[in-house]
Amino acid sequence: MTTPVCTSASDAATSARQTRPYAPYPSFASYVKARQPVLLRTARSLTANPSDAEDLLQTALTKTYVAWDRIEDHRALDGYVRRALLNTRTSQWRKRKVDEFACDELPEPEVLSTGDPAEQQALHDAMWRAITKLPARQRAMVVLRYYEDLSEAQTAEVLGVSVGTVKSAVSRALGKLREDPELSPVR
């Protein structure tokens with residue numbers, strides 16, 4: 001099956017392509033041809049990789065091309081392009097970059113040994129026995145602070161006392177728990 005081709009349209013496109021200049025802005029094309037080596041050296045000073053420098057320059061020149069009509073002083077084009085290079089490079093390194101490294105084996109997270117469940121239960125029971133030995137007020141504060149995970153201010157509000165009272169009572173309670181003989185093997 002063949003597709004019909006209109007020869008007059010293709011001839012018109014070819015002749016238009018031959019008469020049309022390199023870019024809608026011939027002055028931009030001549031600027032790039034004249035200043036590309038200097039601008040490429042500037043881009044290479046901003047990156048470690050020559051390929052990245054070429055990409056950086058291409059991006060900066062694209063931004064310059066888009067703004068070509070808005071640039072009033074074409075004598076200051078080098079400064080404009082250098083600023084575009086610097087801004088583009090800054091934007092690149094500000095973006096979060098995730099490096100990927102090839103390796104033979106996938107790194108697996110270390111599995112923390114949880115220990116013997118019977119020992120953990122014995123420690124849990126010993127801790128609760130030690131907490132029940134505390135006076136009721138200290139016990140309430142320790143439970144609210146460390147088991148219910150309330151802040152000092154929240155604990156004070158729940159118990160209707162000042163924050164300083166909570167701090168001092170919890171400090172004394174923790175001192176008593178450190179001295180408890182049932183908990184000494186844990187340390």
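Guide: Buried means under 20% relative accessible area, exposed over 50%, and partly exposed in between, with a 1.4 Å probe and protein chains only. Helices (H or I, at least four residues) and strands (E, at least two) are DSSP runs, numbered from the N terminus. This is a predicted model, in which local features need pLDDT of at least 70 and side-chain atom pairs count only at pLDDT 80 or more, while totals for chains, interfaces and linings use all residues. Residues are numbered from 1 along each chain as its sequence is written, and side-chain values use heavy atoms, with hydrogens and water left out.

Visitor: How many helices and strands does the protein have?
Guide: From the N terminus on, the elements run α-α-α-α-α-α-α-α. The count is eight helices and zero strands.

Visitor: Which residue caps the N-terminal end of helix 3?
Guide: A polar contact is a pair of N or O atoms within 3.5 Å; within protein, one must be able to donate a hydrogen and the other to accept it, and residues adjacent in sequence count only if both atoms are side-chain atoms. Here a side-chain oxygen lies 3.0 Å from the backbone nitrogen of Ser51. The residue that supplies this oxygen is Asn49.

Visitor: Is Thr88 buried or exposed, and which residues does Thr88 contact beyond its neighbours within four places in sequence?
Guide: Thr88 is in helix 4 and counts as buried, because its relative accessibility is 4%. A polar atom of its side chain lies 2.6 Å from the backbone oxygen of Ala84. Leaving aside neighbours within four places in sequence, the contacts of Thr88 are Leu56, Thr59 and Lys63.

Visitor: At what angle do the axes of helix 5 and helix 6 cross?
Guide: Axes are lines fitted to C-alpha atoms, for helices over the stretch in contact, and angles run from 0 to 180 degrees between N-to-C directions. Met127, Trp128, Ile131 and Thr132 in helix 5 meet Arg139, Val142, Val143 and Tyr147 in helix 6. Angles under 35 degrees count as roughly parallel, over 145 as roughly antiparallel, 65 to 115 as roughly perpendicular and the rest as oblique, and helix 5 and helix 6 are therefore oblique to each other. Their axes come within 9 Å and cross at roughly 140°.

Visitor: What is the phi of Asp149?
Guide: Asp149 lies in the loop between helix 6 (136-147) and helix 7 (152-159). Asp149 counts as exposed, because its relative accessibility is 64%. Its phi is positive, in a residue other than glycine, and near 60°.

Methods:
Contact = heavy atoms within 4.5 Å.
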